[in-house]
Amino acid sequence: MRVVAVGSGKGGVGKSTVSLNLALALVRQGRRVGLLDADLYGPNIPLMVGLTRDRWTESWTLARPGRQRRLAPVEQHGLKIVSAGFILGEDQPLGVEGMTARMLVRQLVHDVAWGDLDVLVVDLPPGTADIQQMLIRTVAVTGALVVATPQYVAHVDARKAVRMYQRQGVPVLGWIENMGPMRCPHCGEPVEVFPEAPEGRSLAALGVERLGTIPFDPALGRAGDSGRVLVTDGATGPVPAAFAALATRVAAALDRSP
Ligand SMILES: Nc1ncnc2c1ncn2[C@@H]1O[C@H](COP(=O)(O)OP(=O)(O)OP(=O)(O)O)[C@@H](O)[C@H]1O
Ligand SMILES: [Mg+2]
């Protein structure tokens, strides 16, 4: 099983959106895919895929730190999903640090009966602090992806994420530009939602390859909030196409990884 972590220096740049839709696109390409929502602060994946509490409580109510039990992922849209929200609840702030967080992460990673998977996509919490580093070590990442919006300030923060991975000895497969230029729905002209970072000061300057660009599309926000997904069988349009192309590149990079 290949484990691909999706991180960013900055919050709100689209890690969860990219993790979910990349995972769905890999499923469309015939891979067996798991999605681990490891955002201990804001586990959003259950909401984004339309999973309600009754779908996970049965197998997860005994999932308390220290209890030995193999937990089952919940299947939705062809994905095997596990979320920190299954244990913490989606509306409970994480009031624990250090030891308890470590136990929680171990449980999410090691106590889950994932079955045979080709790829496990891990949606990380924003930032590059201890908790992200501990997660990366615990999940034994094959390769890492960094999500950034086009603008310079996002790249400044994303560089930290690249350095965090490198320091941990995790190969950085590349970065993904999210919320890139969109077509105006009225006149068809390209709209630059964010200014483009200058070449010499972008992630490219660190030698990190751009694996894809996902255009800004309000439909992505609407889909996430209502638990529908855009990358379905036969879906057309710029967003499903962008994720399909990204999945091909990521799968190729993972296949090349030792
Ligand atoms: N390409 C896009 N076009 C339009 N909206 C997007 C796009 N990508 C993400 N969004 C929206 O931006 C918001 C932030 O996205 P998301 O939750 O995926 O970011 P995140 O990096 O996971 O955030 P956090 O750091 O809080 O975990 C969401 O409302 C999402 O629907
Ligand atoms: Mg997120």
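I started with the largest pocket, and helix H8 gives the largest share of its lining, six residues. For me a pocket is an open set of points on a 1 Å grid over the protein atoms alone, where a 1.4 Å probe fits, with protein on both sides within 12 Å along at least five of seven lines; lining residues have an atom within 4 Å of a point. Helices (H or I, at least four residues) and strands (E, at least two) are DSSP runs, numbered from the N terminus.

This is a predicted model: local features need pLDDT of at least 70, side-chain atom pairs count only at pLDDT 80 or more, and totals for chains, interfaces and linings use all residues. Residues are numbered from 1 along each chain as its sequence is written, and side-chain values use heavy atoms, with hydrogens and water left out.

I noted 27 lining residues, with Gly14, Ser16, Thr17, Met48 and Leu220 nearest the pocket's centre. Elements giving two or more residues are helix H1 (15-28), helix H2 (45-48), strand E7 (172-180) and helix H8 (218-226).

Next I looked up Arg201. It sits in the loop between strand E9 (190-191) and strand E10 (210-215).

Leaving out residues up to four places away in sequence, Arg201 touches Tyr152, His155 and Arg159 (contact means heavy atoms within 4.5 Å). From Val153 I found Arg201 48 residues away in sequence, yet 10.0 Å away in space, C-alpha to C-alpha.

Notes:
Chains are lettered from A and ligands numbered from 1 in the order in which they are written.
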